[in-house]
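Reader: Could we go through the aromatic rings of this model together? I would like to learn how such contacts are described.

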Amino acid sequence: MNKLSYLNMNRCISDNIFTLISDFAQKSGVEAYVIGGYVRDCLLGRKNDKKDIDILVRGSGIDLAKKVAAGISSKIKVTVYKNFGTAMFRAGGHIIEFVGARKESYSSDSRKPLVEDGNLEDDQNRRDFTINAMAISLNKESYGQLIDPFKGIEDLEKKIIRTPLEPGRTFSDDPLRMLRAIRFASQLGFSIHPDTFESIKENAGRISIVSYERITTELNKILMSPEPSRGFSLLYDSKLLEIILPEVYMLKGVDKKEKHGHKDNFDHTMQVVDNVSQKSDSLWLRWAALLHDIAKPVTKKYIEGTGWTFHGHEFIGSKMVPGIFKRLKLPMGDSMKYVKKLVALHLRPIILSQDSVTDSAVRRLLFDAGDDIDDLMMLCEADITSKNEKKIRQHLSNFRLVRQKLREIEQKDHIRNFQPPIDGNEIIKMFDLKPGREVGDLKDSIKEAILDGIIPNEYEAAKDFLIKKAAEMGLRPSSG
Ligand code: CTP
């Protein structure tokens, strides 16, 4: 980007909606500007087809929103937030929000807005970062002019996140902004200005007044950035991590005894998260990568002569997942179960690739992982972060073997979404049983026999096996 951006401002407001807003603003005798993320992203050339457009109005934002919406179509529904003096509607694939210019908007100990009318400059003063405080005029006499009092455009060129005012003040207006600074740095590949970062460190404790819903929105955005480790390192250095995700913070550090050290599990986790992020856009796979070794600190033991062990960390780690999700207000349904499962199984493919790859071990892995087998393999491959090139090559080649075996067995036995060919109801009928433990045991024995390769995954074979198994338990098929 270069100074040409000044001349290119019109390209950011070429959509008809801007001329419409401009016309209605003039008719109503109010000033209007497009401001914030839309301007930033347009200057950065980021794709923003679906981008929210924030319109700052000197006067009533609600009135102007209603007029513009009615001007487009009588069918458009305008949502009004009276307390905040804002209104929004959807049009042309955009969400357009109208805000009246304000002076101070937050009291110092909560996010409760104290609305007071202000001008453009007042409003820009109270924005979070210089790159988010730029506005483009939609007023007739200055249409298309960039108003950038804090040199946001220079910060965009230098890739710097910096607060417009003294950072302590900007952060005390809304402590979530400390996390937003890190999120933007991670998303855009920017650095945080040293003064701004110092202030985050000083004020980190204030994040505790922010709700977990808002914190988690930012955490998810950090995880979805191209190189999430960038954001997490900043979270670590700023001391925010130990407050919002102490479990991940605890991964940091190396213990040494009798020349035995272990990997720094935080650095390792970061590498794993970056590795999966290069291969997949799945937020939940990235969460699984972030949490895969979460129980290493609590399971760490030193064994004389052997070194450090983290025995059972995958099971204990998977048990920690629901608590972490709950605290972070992340969804507790399928996404949580998926992360829990991947954490629990994350060692299985690697163990398999080190042992001889038997059919029955592959079947068991397919059965336990189900449809998530590909993601599990991706996580497991990403988990190989040794510095020893030879070791990595060896692992990866073993992995190819496991993948090949997985394909072969799946084609042959269809285990992925496997249900034993005889279900509990049929067993009840066949032996005239009451629902209970015996039925479960018999059903399990069929499943185990198929997974172990004792019988094929077919009805007749399962039936013969079941009859034999039941006979051992003293049961005979009922005549009916
Ligand atoms: N803003 C702020 N302080 C906040 C949140 C938002 O000053 N805590 C201002 C910024 O000027 C920001 C604008 O409100 O640009 C819109 O906020 P939001 O929609 O949350 O973020 P965007 O900057 O649009 O970025 P993104 O859509 O990526 O979240």
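**Aromatic rings and their partners**

Author: In this predicted model, Lys27 lies over the face of Phe24, at 4.7 Å from the ring centre.

Reader: And what sits over the ring of Phe184?

Author: The charged end of Arg183 does, at 4.1 Å from the centre of the Phe184 ring.

Reader: Let us turn to rings that pair with each other. How many aromatic pairs are there?

Author: The count comes to eight aromatic pairs. One of them joins Phe18 and Tyr38, and this pair is tilted, with 5.5 Å centre to centre and 45° between the planes.

Reader: Which parts does that pair tie together?

Author: Phe18 lies in helix α2 (residues 16–28) and Tyr38 lies in helix α3 (residues 37–44), so the pair ties together parts that are 20 residues apart in sequence.

Reader: Are Phe18 and Tyr38 buried or exposed?

Author: Both Phe18 and Tyr38 are buried.

Reader: What about Tyr302 and Trp308: why is that pair edge-to-face?

Author: The ring centres of Tyr302 and Trp308 are 5.0 Å apart and their planes stand at 65°, so the pair is edge-to-face; the cut-off for that class is an angle over 60 degrees.

Reader: Why does Tyr302 count as buried?

Author: Tyr302 has 15% relative accessibility, so it counts as buried, because the limit is under 20%. Trp308, at 18% relative accessibility, counts as buried too.

Reader: One last topic: which residues do ring pairs link into a cluster?

Author: The cluster consists of Tyr236, Tyr249 and Phe266, linked by ring pairs.

Key. Residues numbered from 1 in each chain as written. Predicted model: local features only at pLDDT ≥ 70, side-chain atom pairs only at ≥ 80, totals over all residues. Heavy atoms only, no water. Phe/Tyr/Trp six-rings, centres within 6.5 Å; stacked < 30°, edge-to-face > 60°. Helix = DSSP H or I, 4+ residues; strand = E, 2+ residues; numbered from the N terminus. Buried < 20%, exposed > 50% of the residue type's maximum accessible area, 1.4 Å probe, protein only. Lys NZ or Arg CZ within 6 Å of the ring centre and 35° of its normal.
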